[in-house]
Amino acid sequence: GRIDEALACMQSPPADRALDASEAVEASFFVIVGLCHAGRYAEAECWTKRNLLLRDRRDPKRSFFVFQSIALVRSFAGRVGRALFWCKLALAASVRARFNYGRLLALDLWGHSLVQLGEISAGLRTLGQAERLASSLSFDGHATSIASSRLVYQSRHGRGGLELEEALTA
């Protein structure tokens, strides 16, 4: 599938287009996302370890991608408490880098992690914040996905009220 094509590109980049460390970390992050969604956690963990070796403390955007990679792998592995720890670091790095897309991704995973840890109200608030940020950045697909997750959580935990009823009857 597409993840295997991405892996092939990462493992053998064209000779005239070698990636610098920042580009490699960023591209690896998206490979890790694909591997996690494909259930290939051991490979995702290996790529995450590679990313960690390329982290540069002076580069907050690169740090964001490293931290968010770790958070994602921990989340998919069911280590949600650890995912939350790394989400906080990823969020801080994204703020330092003034990288709003990173903020969006960190808030999204942070919200899911909070809900999964039983902190329903805090998780729903954080997901709402992520949804508003996605909308303000015109990332409509992200906003819709986050809104859908939030509505599912509200329904599952009896927090829906009028918003949930309107979404279900629209």
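Which residues do ring pairs link into a cluster? I looked this up first, and found F29, F30, F64, F65, F99, Y101 and F139.

**Ground rules.** I am working with a predicted model, where local features need pLDDT of at least 70, side-chain atom pairs count only at pLDDT 80 or more, and totals for chains, interfaces and linings use all residues. Residues are numbered from 1 along each chain as its sequence is written, and side-chain values use heavy atoms, with hydrogens and water left out.

**Rings.** I counted rings of Phe, Tyr and Trp (its six-membered ring) as a pair if their centres lie within 6.5 Å, with planes under 30 degrees apart called stacked, over 60 edge-to-face and the rest tilted. By this rule I get 12 aromatic pairs. One that I noted is F99 with Y101, an edge-to-face pair at 6.3 Å centre to centre and 70° between the planes. I also checked F99 for accessibility: its relative accessible area is 15%, so F99 is buried (under 20%; exposed is over 50%, partly exposed in between, with a 1.4 Å probe and protein chains only).

**α4 and α5.** Next I turned to helices, which are DSSP runs of H or I with at least four residues, numbered from the N terminus. Helix α4 (residues 60-76) packs on helix α5 (residues 80-97) at about 160°, the axes being 8 Å apart; I took axes as lines fitted to C-alpha atoms over the stretch in contact, and angles from 0 to 180 degrees between N-to-C directions. The two are therefore roughly antiparallel (over 145 degrees). In α4, the residues that meet α5 include F64, F67, I70 and R74, and their partners in α5 include W86, L89 and A93. I sorted this contact into 13 nonpolar, four polar and four charged residues.

**α7 and α8.** Helix α7 (residues 120-136) and helix α8 (residues 140-156) also pack at about 160°, with axes 8 Å apart. That makes α7 roughly antiparallel to α8. On the α7 side I listed L124, L127, G128, A130, E131, A134 and S135, which meet H142, A143, I146, A147, R150, Y153 and Q154 in α8. By class, I find eight nonpolar, four polar and two charged residues in the contact of α7 with α8.

**L117.** Last, I visited the loop between α6 (100-116) and α7, where L117 lies. Setting aside residues up to four places away in sequence, L117 touches V80, G81 and L84 (contact means heavy atoms within 4.5 Å). L117 and V80 are 37 residues apart in sequence, yet 7.1 Å apart in space, C-alpha to C-alpha.

Notes. Angles under 35 degrees count as roughly parallel, over 145 as roughly antiparallel, 65 to 115 as roughly perpendicular and the rest as oblique. Ala, Val, Leu, Ile, Met, Phe, Trp, Tyr, Cys and Pro count as nonpolar, Asp, Glu, Lys and Arg as charged, and the others, Gly among them, as polar.
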